[in-house]
Amino acid sequence: MTGFLKRLRRDQRGGVGALSVLLAVLVITATAATVDAASVEFRARALQGLADTAAVSAAGDLTTAESTVRRVLSLKQSGARIEQVALGEYQAKADVAVADRFNPEGPVPDAVRVVLREDVPLFFGSVLGIGSVRVQKTAVAIRPARDAAAFSIGSRLLTLDPPLANAILSQLIGREIKLTALSYDNMLASSLDVDDLLDELGRVLSADDRENLLTRDLSTRQLVDAMAKGTTGPTNLALKSISATLATGPDRNLRLGSLINVASGVKGDISAKVPVWDLLNAALGEAAGPQTIDLNADVDGPVTAKVRLAVGEREQKSPWLTVARDGTTVVRTAQVRLHVDVTTANLAGLGRVHLPVYAEVASGKAALTSINCREDSFDVTARSGIASVALGEIESSKLSDFSRDAALSPAAILDTAVLKVRAAARINVGDSGDTRLRFNRADINSLKAQTIGAKGILGSTLTSLVANAHLDVQVLGLLGVSLPGLPATLRDILAGVAAPLDSVLEEILKLVGAGIGEADVRAAGLECGTKGSPPTLAA
């Protein structure tokens, strides 16, 4: 047996034939595998192209995305099956992994993800019991241009009273501001491009994208300097003067997103403009926070007036300007409290008459209702805040405490050794109810503001306040002593004192963008997706 094995090992007859058979089997197997692999690769490429086509088509109208994908498969006569058609938000950020850029839980979808699968039959794999291979391909398409409208609330000024404006700016900044009437006139007439402002702030803060920029803290001086870069002439000089004043002491910070809100899904440029004064006033007020501002106001007649103004935070940190795609973002005015102490000279032999008037204005609000790109317009629903006007005194420390209701004490309108008179009255002014405002392209280009509510209501409110005031009269310390004609005389005197207060209260409220029974909305921009780029495949 041992010898037979040795002879077999040494015998080389027929070796070439055996080797040829072995090699032939290997070649045939490799060829079959190559053919099957090529078939699968070809079908995979075709499926990817089909998924790309379906995704781009579906992104044209996200509301009909799934039916569009089915129609594409039908037209291509494809046997592929739909694994998924999902709407979501796409974030093209360098710091976000490609696989994570599509967010199916995004609040405002601006992209569609299409997943297709197909079972590719194998030519030779069936010999091994593998009849087909499942191939799955994914495509994401974005609609980069979205319909969006930009608008702000609380903008109403046509002219500025320089002493009042200087006093308010000085206390908001914490240092004295002295700007001329020409400077204010130019700021009121000037506007800023929001995209240019954000680009400049992005360079200053080294923020590489808008989302990051809006969440960053910046100083009021950085914002004012960026605003100056976007203006010329007297407006530029005025902003540089304010910046120089800010540099003389500690500065305040604010988050840009508390002023400007950009709705999710708005890509590219915002294409909005805002008035210089409105942005400056809103920014300084946001940075300063709730505080009491003391002012001296000019009132017609032989009287003196001291004014205390408190401006609160916007409800729920509402932005001042929004670039919105729907009504989910609401812009609100800040709450405002105003207390005016008016003292007269000696009138009618009675003595000095003291009239303290308190006004309170709750937040007005506005939200986007609809965008009509065919007519190049958009609608906003707005309503004014509830307001009240009262006779009474309030402590300065409590004026800016918006966490609780203002506690007023009766007004001591006369306080002499012989005669003491106290008065109390309050009149409430309800909100305007929802009012629909339409802004067309001309309104947008001119930055026109529309006012809702009852204009001129303040004068009638003050008159009614005085006429209906409850008077407590003490003569020589005796309460309720009747002096014929005294109440009527007092009401006539108070009415004369209250008359010039109408313009004072109105002017001061305008400075902070508020009004009794009124609210103002200003169009800032409108972008329509139909005018932008077509849907594109994501990276």
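Helix α4 runs over residues 162-173, and at 1.5 Å a residue its twelve residues should span 16 Å, so the 16 Å between its end C-alpha atoms agrees. (That expected span is 1.5 Å times one less than the number of residues.) This is a predicted model, where local features need pLDDT of at least 70 and side-chain atom pairs count only at pLDDT 80 or more, while totals for chains, interfaces and linings use all residues. Residues are numbered from 1 along each chain as its sequence is written, and side-chain values use heavy atoms, with hydrogens and water left out.

**The protein overall**

- You're looking at 15 helices and 27 strands; these are DSSP runs numbered from the N terminus, with helices being H or I of at least four residues and strands E of at least two.
- Of the 539 residues, 49% count as buried, meaning under 20% relative accessible area with a 1.4 Å probe and protein chains only.
- Take the contacts (heavy atoms within 4.5 Å) with a separation of 6 or more: 74% of them come from residues 24 or more positions apart.

**Helix α4 itself**

- The buried residues of α4 are Leu164, Ala165, Asn166, Ile168, Leu169, Ser170, Leu172 and Ile173.

**α4 against α15**

- Helix α15 (residues 501-511) packs on α4 at an angle of about 45°, and the two axes are 11 Å apart; axes are lines fitted to C-alpha atoms, for helices over the stretch in contact, and angles run from 0 to 180 degrees between N-to-C directions.
- That makes α4 oblique to α15, the label for whatever is not under 35 degrees (roughly parallel), over 145 (roughly antiparallel) or 65 to 115 (roughly perpendicular).
- On α4 the contact uses Leu164, Ala165 and Ile168, and on α15 it uses Glu507, Ile508 and Leu511.
- By class, that contact of α4 with α15 has five nonpolar, no polar and one charged residues. Nonpolar covers Ala, Val, Leu, Ile, Met, Phe, Trp, Tyr, Cys and Pro, charged covers Asp, Glu, Lys and Arg, and the others, Gly among them, are polar.

**α4 against α10**

- With helix α10 (residues 276-288), α4 packs at an angle of about 40°, the axes being 9 Å apart.
- α4 and α10 are therefore oblique to each other.
- Ala165, Leu169, Leu172 and Ile173 of α4 meet Trp277, Asn281, Leu284, Gly285 and Ala288 of α10.
- Sorted by class, the contact of α4 with α10 has seven nonpolar, two polar and no charged residues.

Conventions:
Buried < 20%, exposed > 50% of the residue type's maximum accessible area, 1.4 Å probe, protein only.
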